[in-house]
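Please keep the sequence and the structure in view while reading.

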Amino acid sequence: MRVHFTKQGKVRFISHRDVARAFERSFRIEQLPLSFTLGFSPRPKVSFGLALSVGHESDAEYLDVELAEDIPIEPLVSSLSEALPEGLDVVSVVALADRAPALQEAVTAVEWTIELVPESDAPLTSEAVPAGTPDEKTDGVTQRIDALMSAPTLVLERVRKGRTGTEDIRPALRRMTVLGPTETGTLIGVELATRPTSVRPAELVAALGHEFREGRVRRTRQWIERGGERLDPLTADPRIALEARAS
Amino acid sequence: MTSLWPRIEPLLAGVEKPARYIGMERGSRVPVHRPGSVSWLLVYPDTYEIGLPNQGLQILYEILNERDDAVAERSYAPWLDLAAALRQHAVPLFSVDTHRAAGDFDIVAFNLSAELVYTNLLECLDLAGIPIRGDQRGDEDPVVVAGGHSTFNPEPMADFVDAFVIGDGEEPVGEMTECIGSWRRSGRPGGRTGMLRALAAVPGVYVPSMYDVEFDGPALRSVTPRFADVPAVVDKRTVADLADWPYPKEQLVPLIEVVHDRLNVELFRGCTRGCRFCQAGMITRPVRERPAEQVRAMVANGLARTGYDEVALTSLSSADFSGIDGLVSGLVNDQIGCGNVGVSLPSLRVDAFTVGIASEIQKVRRTGLTFAPEGGSWRLRQVINKLITEEDLYAAVEGAYSQGWRRVKLYFLVGLPTEMDEDTLGIAELARNVVKIGKQYTKQASATVSVGGFVPKAHTPFQWFGQNGTQELHRKINLLRDDLRKTAAQVRWHDPKATFAEGIASRGDRRIGAVIERVWRAGGTFQEWSEHFQLGRWLDAMAAEGLDPDWFVTRHRTEDEILPWDHIAAGLHRDFLWQDWQSSLQAHGLPDCRWTPCYDCGVCTDYALEHVVASSVPPAGGSQGTGQDLTLGGAVPVSLGPTRVEIS
């Protein structure tokens with residue numbers, strides 16, 4: 001089955017690996033009939049989608065878990081949410097086709113909202129509202145975004161397998177818009193492709209200029225694009241019900 | 001009384017592992033602080049990953065929160081990055097449960113399970129905005145409490161801690177809550193001093209400010225209560241029957257990886273094997289087993305609640321539990337939860353029986369198995385009363401390799417009393433033979449030899465022994481390394497410099513408080529983390545206080561000397577300990593009193609306690625007290641030798 005869940009609040013400070021462990025424990029608390037890998041140290045067959053950095057929130061996280069027998073899965077939305085730490089909540093579950101492509105491979109685009117905070121020595125607190133009208137604050141960001149989006153290339157230095165190389169991330173930038181001011185900065189909406197190379201929000205913030213740093217970051221959607229269609233991961237590869245197939 | 005979270009949250013973006021500070025573990029509480037309740041902040045003065053699994057802290061957290069008149073929250077030492085950020089932004093130390101300021105609690109209680117965390121206690125108090133020295137605190141400041149094994153010599157921390165709890169904490173925390181509650185309800189008679197004096201009357205509670213300490217030159221002359229109602233000797237507290245205390249009932253499940261990240265169920269408390277170097281075994285007597293049925297229930301409930309797939313059955317020597325084999329095979333065969341539950345037994349005895357149990361529980365993943373012979377020769381093992389014969393060890397190791405394990409880890413101490421180079425080289429001999437046995441079964445056979453420097457501890461027969469200095473420990477470690485060069489045995493060792501600092505703090509008196517304060521002021525926190533430890537800070541602090549490190553560390557004590565912890569009682573008669581020390585020097589072993597007649601160490605007789613052991617016969621394969629000839633020994637002329645006066 002495929003599980004759609006959210007990660008928000010304090011729990012955003014745990015890592016991708018910690019989320020995986022929390023889910024495995026919740027499966028055991030709810031005594032799900034898990035399928036295990038064969039071999040030396042059996043592990044439950046669970047596969048996670050794209051990693052989410054420590055500190056980032058998400059409305060759209062997914063994982064696939066293989067069950068050894070058919071059980072009613074609808075009740076798991078509330079029972080798993082109950083067994084998970086506060087802030088990790090299951091939104092929905094669907095039965096998944098047997099040979100559905102793995103999430104990490106299938107997802108081709110991701111949408112984010114990213115808060116850009118003017119860099120200063122002052123800590124980010126709700127009292128520390130920067131000077132300037134909302135329009136003045138967002139104007140600078142709009143200019144930066146326009147500059148990035150109109151550039152033909154955006155070459156970053158990246159470390160891959162211990163080697164520093166350069167990579168053009170411009171093809172991954174699909175859309176960037178200013179959504180409006182926040183208490184502490186400016187919120188932008190971004191859509192990034194994951195192929196041929198993916199871009200982390202932190203890299204994007206750095207590319208926008210050193211006068212900004214990353215505030216709240218939230219993944220809002222993930223997309224599977226296939227055969228000209230744009231699909232939600234939850235509904236991309238449904239298991240066809242047996243009775244439907246029979247008729 | 002508001003949550004500090006809005007001020008903490010922005011700081012977390014810039015620190016390593018921010019989830020250390022968010023709480024929210026399954027099993028954690030969000031207690032409501034009512035006006036009448038006594039609030040406790042339970043602090044483990046090390047990182048979250050090391051502190052969270054501590055069972056003592058979790059037990060007290062539950063017991064206090066179950067009471068109507070108390071609330072308890074938790075805190076851990078912030079790592080250096082957050083400590084700096086808290087200071088920079090003037091945010092105080094906080095609880096992880098409701099992010100409440102540490103200074104808002106009535107009691108701030110520390111778990112002191114090792115001496116090298118002492119400077120972290122000062123760091124936590126300072127971050128909390130609480131004056132670090134007890135005599136600087138006012139009526140509005142929390143009471144600073146400490147418990148844990150290290151408090152059996154409380155004197156080095158006496159300047160900083162208002163009240164120590166000696167021994168099992170389950171009962172005294174309730175009594176202290178009642179004591180403070182009733183002092184408050186009766187109009188706070190005598191102010192802060194009045195409250196501390198009332199606490200001093202709670203059995204097991206030691207309030208150092210109620211005692212005058214006098215010195216005669218470098219030597220301690222007396223520790224005298226200042227008032228008639230303050231006890232001259234503070235006796236430890238002991239929970240008579242673990243069956244009455246099935247805690248933790250709701251073990252905390254951390255969101256990030258921590259040490260011992262699994263369900264832990266305590267099999268028994270106390271140990272009477274009588275290893276003379278082992279403070280834990282001496283101060284936790286007598287043996288109190290948990291009923292096997294209760295263990296099974298705690299395992300089943302714990303696994304179902306937490307979702308863990310591993311349970312550790314903990315104690316000081318888990319294979320000694322009555323009917324351990326039946327218990328273990330029962331747990332392995334019970335299909336709990338989703339199945340595939342692992343059972344682990346830390347602190348295993350060295351013999352073939354033990355390996356049999358280990359093979360029962362580790363059906364897969366047979367990578368490494370650990371044994372602790374501690375001493376390199378039979379003579380030395382008689383001196384320390386760890387009565388494992390070479391045959392026991394080789395049988396255990398043969399069992400391990402033949403049943404699929406490829407790596408064996410062996411723990412040893414160096415710097416033990418009467419130790420000579422042939423004893424040290426005996427470690428190498430054992431390691432070579434272990435590898436040789438392994439090679440008969442697998443080409444990949446290897447052994448890891450872990451060597452720690454011995455630190456004599458209070459309330460043990462070795463409390464009179466002069467610790468080896470750093471040069472001597474280095475020499476012995478190098479002797480061993482040279483002898484094991486180019487073999488399949490790998491040597492790992494603990495830094496002798498850290499061992500020396502531990503020696504200062506372990507048997508120090510009240511004068512060591514000023515040393516600890518200087519080390520902390522010089523930036524010496526997280527001293528058990530090798531990258532943050534510098535012996536220089538400790539030696540500079542000793543010099544600045546005009547104290548001779550060797551007087552505290554490497555000097556042999558005499559029978560008539562007043563020891564800094566003589567006014568704290570673990571129940572062990574001083575003449576028993578002295579006699580056992582003399583037997584040790586004769587290389588005479590002592591049987592395990594669970595299965596042989598009582599030799600009156602003092603604990604059961606003085607405290608009207610009994611062993612709680614389900615089986616009156618020793619476990620199969622246990623060598624000690626099962627026909628072992630314990631009158632042997634003295635094959636080597638024994639002398640302590642001169643005190644080594646050297647430091648590096």
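Q: What percentage of the 648 residues in chain B is made up of buried residues?
A: Buried residues make up 54% of the 648 residues in chain B. A residue is buried if 20 or more other C-beta atoms, placed from the backbone, lie within 10 Å of its own, exposed if 12 or fewer, and partly exposed in between. The model is predicted: local features need pLDDT of at least 70 and side-chain atom pairs count only at pLDDT 80 or more, while totals for chains, interfaces and linings use all residues. Residues are numbered from 1 along each chain as its sequence is written, and chains are lettered from A and ligands numbered from 1 in the order in which they are written.

Q: Why is chain B called as compact as a globular protein of its length?
A: The globule rule (2.2 Å times the number of residues to the power 0.38) is set against the radius of gyration, taken over C-alpha atoms. For 648 residues the rule gives 26 Å, and the radius of chain B is 24 Å, close to that value, so chain B is as compact as a globular protein of that length.

Q: What makes strand 4 of chain B mostly covered?
A: In this strand (residues 143-147), 5 of 5 residues are buried. B:Val143, B:Val145 and B:Gly147 point one way, B:Val144 and B:Ala146 the other. Strands (E, at least two residues) are DSSP runs, numbered from the N terminus.

Q: How do you know that strand 3 and strand 4 of chain B pair?
A: Two strands pair if DSSP finds at least two bridges between them. Strand 3 (residues 107-111) and strand 4 of chain B share 5 bridges, in the parallel sense.

Key:
Helix = DSSP H or I, 4+ residues; strand = E, 2+ residues; numbered from the N terminus.
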